[in-house]
Structure formats: structure tokens, C-alpha cells
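Hi everyone, thanks for making time.

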Amino acid sequence: PPPRPRPPPPPPMIGKGPMATVTLEAANTGDGPEMPASKTGRNMKCSLFANEAIRKNKKAQLVLMAKCMAQDCEQSMEADVGCQYVTPGPGFCYTNPGQKFCKENPSSPGCVDNFLIDHPTNGAGGKWSPVKNFPFVGDNPETGGIEFNGKYKCVCAQGCSYWKSAKALRCANDFSTSAKRNKIFVGGRGGSAFDVEAGRLKPKKGNG
């Protein structure tokens, strides 16, 4: 019989590989124990980004990042896991083993407290923040058909779903909870639903 195909390589360790140049989140300066390799897992789509983004054009990188942040966003809303702790460098959520390790060893160099990003003093609010000012990776990647040369940020659109046919988000009235049944479209059809300058979802355009 033909030999079995080799399994895909594991995601690069934190601070190494394609993500080594992404330094958005500084490592913890505490003197706690090093995080064991078995605890450093990230969500599958973020691991895929870490492995493959450097070989992709800008548009493809944005698609990979959107899927990565969608998984992290979903995890952040899980009460039993959440996403208080993220990786140094890109700032991706650790999965459950890493979250537990960091709660027990918050001074570990690998444990970056995401709640402190928007509240540097004490992490007040306890709310996860998606990546901000994220650079395209690789040496001058091709555009892939988009004209954008800067850095980008993501938003966790809680209570929203993407309607492909309308190319728009459909969200609960307050954009933050799915408890209400009345759903409305937000953002311009075919454009971004996120207001970069205001740092929030745009008001609705049209009826849902």
C-alpha cells in the first residue's frame, strides 16, 4: 500500500516562524514559569493564518484573518473558556488549556492579558479586544485586487450574522446581543459594516 501522507506541520511556536515579525503584543515581563508547548494551542483558523498567511496575497490574508478572528470572537463569548489571555506578538486567543494555565500562572512570559489592552491599569471591564493595527505579513505581498497599504483592525460583531446575498451584517438592535428578535442590516451594502474612525459598527442602511 502507498505510504500514508505526512501530517501538516504544527503551528510555529510563539515568537518564531512567519509571525516572528508581528509584535503587536509584548511578552509578559513577569518571572512566572514558561508555558509548556502543550498549552500553547490556538484556534484552528488562527493556526492556519500563522502557517499560511506569509505565502498569501493581501486579500487572502484578510480572508484568513477574518476566519481567525471569527473563531476568537466566538471563544470570547464562551463563559467557561473566554479569551482573557492571548499570545505575545499577534495576540491570538489561547484555547482552553492555555487559558487555564495563564489563570494559574498570570506572570508567565507567554501570558498576555488581553483585558489590559484597552484598560492598561487593571483590566476593568473584562472584555476581549480583537487585533488592531495588524500588518500584512511577508515581503511586499501582492494586492490580490485590493488597494490597501496600511494596517487593519477587526471587530467582534456580537449578535450579528453575515448575509452573503446582501453582502451585509444583520444584527440585533444594539449590535451587542442576540436576545432581541428584531434584526436590522448594518453597514453599506457591498462595503464594510465597520466605521474605522468611530471604531464601531455603522448605523443601519436599509431595512432588515
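Let's begin with how the chain meets itself: among contacts between residues at least 6 apart in sequence, 55% join residues at least 24 apart, where contact means heavy atoms within 4.5 Å. Before going further, a word on what you are seeing: this is a predicted model, local features need pLDDT of at least 70, side-chain atom pairs count only at pLDDT 80 or more, and totals for chains, interfaces and linings use all residues. Residues are numbered from 1 along each chain as its sequence is written, and side-chain values use heavy atoms, with hydrogens and water left out.

Now the overall layout. The protein has 4 helices and 7 strands, taken as DSSP runs numbered from the N terminus (helices are H or I, at least four residues; strands are E, at least two). Starting at the N terminus, the order is α-α-β-α-β-α-β-β-β-β-β.

What share of the 208 residues is buried? The answer is 37%, with buried meaning under 20% relative accessible area, exposed over 50%, and partly exposed in between (1.4 Å probe, protein chains only).

On to the inside. In soluble globular proteins, nonpolar side chains tend to be buried together. Here, the largest nonpolar core has 24 residues; such a core is a set of buried Ala, Val, Leu, Ile, Met, Phe, Trp, Tyr and Cys residues joined through side-chain atoms within 4.5 Å. Among those with the most contacts inside this core are F49, M65, F92 and W128. Helices α1 (44–52) and α2 (58–76) each supply at least two of its residues, and α2 gives the most, with 5 residues.

Have a look at F49. Setting aside neighbours within four places in sequence, F49 is in contact with M19, Q61, L64, M65, F92, F134 and Y152. There is also a second, separate core of 6 residues, including M35, Y85, Y94 and C111.

Next, helix α3, residues 96–104. Its buried residues are G98, Q99, F101 and C102. Seen down the helix axis, they fall within an arc of 165 degrees, so they line one face of α3; the arc is that of the directions from the helix axis to the C-beta atoms. These buried residues of α3 pack against α2 and β1 (85–86).

Finally, two asparagines. N133 has a positive phi of about 55 degrees although it is not a glycine, and it is found in the loop between α4 (115–118) and β3 (160–163). N140 also has a positive phi of about 55 degrees without being a glycine, and N140 lies in the loop between α4 and β3. Is N140 buried or exposed? At 68% relative accessibility, N140 counts as exposed.
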